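Subject: Handover of a structure and the findings on it

Dear colleague,

Please find below the structure that I am passing on to you.

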Amino acid sequence: MVGCGQQDNRTAITVWSWEPSMEAEARDFEKANPDIRVDIKSTSGYDNLNSAIQDGYNMPDVVQLEYFALPQYAVSGQLRDITDQTQGYGDNYTPGTWSSVHINGRVYGVPMDSGPMAFFYNDDVFRQAGVDASQIRTWNDYYEAAKKLKAIGVYIAADAGDASFYNAMIWLNGGRPFHTTGDGKTVTVNLANDKGTQDFTAFWQKMIDEGLINTQLSTWSDKWKSALEVGDVASVFTGAWMPSLLLSDVPGSAGLWRVAQMPTADGTQTNSENGGSALAVLHLTRKPEAAMRFIRYVCLDRSGIAKRVDGGAFPADKATLNSRAFLTKTTVRDSRGIDVPYFGGQQFNRVLSNAAENVSLGYQYLPFEVYARGDFKATVGQSYKWSTTDHQMQKIQERINAGQTNPDGSPLTMPQQNLGPKISLMQGIALWQKDIKEYGTNQGFTLQ
């Protein structure tokens, strides 16, 4: 630490990140690298980054970017090409994460964490319905299980229109609706005719039409968390970073949950990513060497990786994914530092590590993916505005009769029945494609 009146001659770099352990990472890095000072700014979303780039000042040297967002900043020339500084790095990471930091064969980031999709489920609720969820392999298995859960008044899942989830399911099903040419100038958007997109959309439409999915609960809302807590919603398809969030958001059902591989259309063990992020160097930084030293510590150094994994991050590196300590872990550490057997003693990381290895390659994000995901709610999201079904009305009335309340303590009330859906999922997909193409054209891309 520099004392009063002393001049700090260290090279200062600024890092923008939402990773909870990044402050601790910075302090440990400084101890091993006394010539560098790291200033951490906690951020979420991309509005602040976009404003800083547009204004041309107060930009970070290093920025955390989700894999889906990285192409947008790489293609627009905002990220440094670090291919020459990352020779041989690929062997350290899972194929899915390493491919996610490449654009046209060049490297624009170093994987920090990952989010291979997995099937998280409340084993107790499934068994009440007479279903062994560990044996669900195909979408038809999942559909049949959903009907049995509905018979006892439970939804198998909730989805009110989530772009991250929808894209991950298209990827899982082999869909490849987006393609950008190597020069980053021509973009193909083929949602309406892509078979993977069509097949998943048809399946999900059937699940919604038959009242097997709760379309009223937005993911991460308090009501969604409450539904998971009491068992009204029995499972979640999401990224492998979910264990620590389940523990913090749904603590009351600890010990009841389990993890399994994602069911697929035909039972094939393939997978996709939902979430995960990399650290990248901004193009205009004047301290690229210091920035890369910090990235290497966080993303490659064993102690740097361990600090994040202990805090609940899901690793991108093969060494951690294959380590005995990681694979045999049966507890999740809570905010008090207490290890909780949230998954009933299951070695859940074995399932998640296998999920990471099964991520298929070849899926491309749009070079303006951040915009596209924001637009999803306004287009495809219209398809989720369904009327309250008779089954739902009966269930709500039963809870009112039992004296139950909303999570905030307010009384439950009967909702008004709406007229029905505005549009189908495929009609929403068509609107989304139209908006994406118009936006891309306005941004100077050639759209096909």
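Two strands are taken to pair if DSSP finds at least two bridges between them. Please note that the model is a predicted one.

An open sheet is built from 5 strands in the order 2-1-3-14-6, and its pairing is mixed. Its edges are formed by strand 2 (36-42) and strand 6 (110-111); each has a single partner strand, so one side of each is left without a neighbour in the sheet. Strand 6 is joined to strand 14 by 2 bridges, and the two run antiparallel. Within that pairing, Val-110 has Leu-279 in strand 14 as its bridge partner. Helix 11 (residues 288-299) packs on the sheet and touches strand 1, strand 2, strand 3, strand 6 and strand 14. The direction of helix 11 makes about 165° with that of strand 14.

Strand 3 deserves a separate paragraph. Of the 5 residues in strand 3 (residues 62-66), 4 are buried, so this strand is largely enclosed by the rest of the structure. Buried here stands for a relative accessible area under 20%. Strand 1 (residues 11-17) and strand 3 run parallel and are joined by 2 bridges. Val-15 has Val-62 of strand 3 as its bridge partner. Strand 3 is also joined to strand 14 (residues 277-281), in this case by 5 bridges and in an antiparallel arrangement. There, Leu-65 stands opposite Ala-278 of strand 14.

Strand 7 (residues 117-122) pairs with strand 12 over 5 bridges in the antiparallel sense. Met-117 has Gly-239 of strand 12 as its bridge partner.

**Two pairs of packed helices**

Two packed helices are described by the angle between their axes and the distance between the axes.

For helix 1 (residues 22-32) and helix 12 (residues 302-310), the packing angle is about 160° and the axes are 10 Å apart. Helix 1 is therefore roughly antiparallel to helix 12, given that angles over 145 degrees count as such. The crossing of these two helices is right-handed. Ala-24, Glu-25 and Asp-28 of helix 1 meet Gly-304, Lys-307 and Arg-308 of helix 12.

For helix 7 (residues 163-172) and helix 8 (residues 195-209), the axes come within 8 Å and cross at roughly 120°. Helix 7 and helix 8 are therefore oblique to each other. Helix 7 passes helix 8 in a crossing that is right-handed. On the side of helix 7, the contact is made by Phe-165, Tyr-166, Met-169 and Ile-170. On the side of helix 8, Thr-197, Phe-200, Thr-201 and Trp-204 take part.

**Individual residues in loops**

Most residues other than glycine have a negative phi.

Asn-58 has a positive phi of about 60°, although it is not a glycine. This residue is found in the loop between helix 2 (47-55) and strand 3. Asn-58 is exposed, and its relative accessible area is 62%.

Trp-220 likewise has a positive phi, of about 80°, and is not a glycine. Its position is in the loop between strand 11 (213-214) and helix 9 (222-230). With a relative accessible area of 35%, Trp-220 is partly exposed.

Finally, I draw your attention to Thr-83, which is found in the loop between helix 3 (70-75) and helix 4 (95-100). Is Thr-83 buried or exposed? Thr-83 has a relative accessible area of 9% and is therefore buried. The side chain of Thr-83 makes a polar contact with the side chain of Asp-81, at 2.6 Å. Leaving aside residues up to four places away in sequence, Thr-83 touches Arg-106 and Val-107.

Yours sincerely,

A colleague

Methods: Residues are numbered from 1 along each chain as its sequence is written. This is a predicted model: local features need pLDDT of at least 70, side-chain atom pairs count only at pLDDT 80 or more; totals for chains, interfaces and linings use all residues. Side-chain values use heavy atoms; hydrogens and water are left out. Buried means under 20% relative accessible area, exposed over 50%, partly exposed in between (1.4 Å probe, protein chains only). A polar contact is a pair of N or O atoms within 3.5 Å; within protein, one must be able to donate a hydrogen and the other to accept it, and residues adjacent in sequence count only if both atoms are side-chain atoms. Contact means heavy atoms within 4.5 Å. Axes are lines fitted to C-alpha atoms, for helices over the stretch in contact, and angles run from 0 to 180 degrees between N-to-C directions. Angles under 35 degrees count as roughly parallel, over 145 as roughly antiparallel, 65 to 115 as roughly perpendicular and the rest as oblique. A crossing is left-handed if the near helix is turned anticlockwise from the far one by less than a right angle, and right-handed if clockwise.
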